[in-house]
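Please find my notes on this model below.

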Amino acid sequence: MASQISDVKAIVKVAAEEAGFDLAGIAPAADTSELKHFPEWIAAGRAGEMKYLEARDDQGDLKRASLARVAPWARSVIVCAINYNTENPYSTQTNDLSRGWISRYAWSREDYHDAVLRRLKQVEAALHEAVPAELQPALITRSYVDTGPVVERVFAKYAGVGWVGKNTCIINQKKGSWLFLGVILTSLELAPDLPAPDRCGTCTRCIEACPTDAILAPYQLDSNKCISYLTIEKRGPIPEDLRAGMGRHIFGCDICQDVCPWNRKAPASTAPEFEPRPGLVNPALGWLAEMSGEEFRAVFRGSPIRRTKRSGLRRNAAIAMGNSRNREFLPLLEQLSRDEDEFVAEGARWAKTHLIRSTE
Ligand code: B12
Ligand code: SF4
Ligand code: SF4
């Protein structure tokens, strides 16, 4: 039986490669020391308004803090990763403040949740087929991309996919950190891979480069200050003291990965769905700010950018114009400051004042 199970591990890895994943590994379904930081992180308010991270079980314990509690049947976690990098400049290489920045992961033609889950389902099916018939009735599997009660990066580390960098991202020695993760929980006990060793060393580039000081200390990120959170997850007005630091970011932020030495030679993805949609690399701010509802739906159909909605995108574009040091945006900001969307209008009023002050 043991040799049959080790065959299953090999079959899973081949299936992951065939499905288009760049990396795959097995982690034990154990509550490792990193997970102990999760309740502290929540208690310190670092999740901001992302209430789903605070989901609790009937005993009132945080679901994501313990896989043993939330999925007691799980024995192993199969972690798969796919490279989404494309041959386009980093945000730190294009400094035109009159154009915005949409983070690399969101340029894609297909939403990564769908692209990764589709592949995970392929691996899950191969696993079911590979398991000996007598074990099949007891086999349980669950595939997740983001939405499961799992801190994916911790399991990615123990599956050997990469280490948790000081910027909190999973970094692979050969592929860098432009990776999406997906996990399959399984009741099958598969031999775990070795955890990836931390190769950050004495480097602190990401911490120094973060414009809003969101990386409070190595491995500790405060979402409330992170541009990614502010531009994607934060509804309503963005705290004023953070707006200048947002620079030209419209959706997400790549800075702490752009400056990471492990991404200097990051290879490009072979998955066609991660090729950028037209206009999204270094987009024109006016185009985004003036986008009608109809155009927004057409341009972003099946894109992760829908998450911030048209209101958030236009709010962010107004703030970016405020940070542009380009007075040509003043007439458009004047118009937007009377917009029917109060968050766009408020953002535009701030932007107008900030733009005038910063160019006096
Ligand atoms: C919520 C969330 C966010 C939040 C919070 C991010 C964060 N760092 O927690 C926001 C909106 C800010 C965000 C931003 C981004 N995200 Co996000 N996000 C998630 C999500 C849904 C949950 C993460 C979570 O549970 N955070 C809670 C904190 C506590 O966990 P953590 O940061 O992973 O921290 C662990 C380690 O730091 C660990 N640790 C390890 N060693 C040490 C040592 C010490 C001393 C301490 C204290 C802790 C510690 O402890 C923590 C676990 O308790 C995951 C998917 C998932 N289900 O896991 C995607 C995920 C992490 N995001 C992803 C991506 C791509 C991004 C962005 C790059 C998108 C962008 N370009 O804007 C940025 C990156 C910003 C950054 N530097 O992290 C990918 C990451 C892939 C990778 N290579 O790591 C994931 C895995 C999604 C996916 N399925 O691919 N994200
Ligand atoms: S994503 Fe941007 S704002 Fe968030 S921690 Fe990294 S550099 Fe800072
Ligand atoms: S920039 Fe340096 S410290 Fe930050 S994640 Fe990369 S290697 Fe680690």
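The points below take conventions first, then the sites, then the charged pairs.

1. Conventions. This is a predicted model, with pLDDT of at least 70 needed for local features and 80 or more for side-chain atom pairs, while totals for chains, interfaces and linings use all residues. Residues are numbered from 1 along each chain as its sequence is written, chains are lettered from A and ligands numbered from 1 in the order written, and side-chain values use heavy atoms, without hydrogens and water.

2. Ligand 3. Its shell consists of Gly165, Lys166, Asn167, Ile171, Cys200, Cys203, Arg205, Cys206, Cys260, Pro261 and Trp262. A residue belongs here if one of its heavy atoms lies within 4 Å of the ligand. By class, seven are nonpolar, two polar and two charged. Ala, Val, Leu, Ile, Met, Phe, Trp, Tyr, Cys and Pro count as nonpolar; Asp, Glu, Lys and Arg as charged; the others, Gly among them, as polar.

3. Ligand 2. Around it sit Cys210, Thr212, Ala214, Ile215, Leu221, Cys226, Ile227, Cys253, Ile255 and Cys256. Nine of these are nonpolar and one is polar; none is charged.

4. Second largest pocket. The lining includes Ser91, Trp101, Met246, Arg248, His249 and Ile255. It divides into four nonpolar residues, six polar and one charged.

5. Salt bridges overall. The structure holds 19 of them. The criterion is a side-chain nitrogen of Lys or Arg within 4 Å of a carboxyl oxygen of Asp or Glu. Glu110, Arg118, Arg119 and Glu273 are linked in a network of such bridges.

6. Arg314 and Asp339. This salt bridge has its closest N and O atoms 2.6 Å apart. It links distant parts of the chain, 25 residues apart: Arg314 is in helix 12 (residues 309-322), and Asp339 is in the loop between helix 13 (330-336) and helix 14 (342-358). Helices are DSSP runs (H or I, at least four residues), numbered from the N terminus. Both Arg314 and Asp339 are buried. Buried means under 20% relative accessible area, exposed over 50%, and partly exposed in between (1.4 Å probe, protein chains only).

7. Lys352 and Glu334. Their side chains meet in a salt bridge at 2.8 Å, N to O. Lys352 is in helix 14 and Glu334 in helix 13, 18 residues apart. Lys352 counts as partly exposed because its relative accessible area is 21%. Glu334, at 31%, is also partly exposed.

8. Arg69 and Asp61. This salt bridge spans 3.8 Å, N to O. Arg69 is partly exposed at 40% relative accessibility, and Asp61 is partly exposed at 29%.

How values were computed: On a 1 Å grid over the protein atoms alone, a cavity is a set of points where a 1.4 Å probe fits but cannot get out, and a pocket is an open set with protein on both sides within 12 Å along at least five of seven lines; lining residues have an atom within 4 Å of a point. Helices (H or I, at least four residues) and strands (E, at least two) are DSSP runs, numbered from the N terminus.
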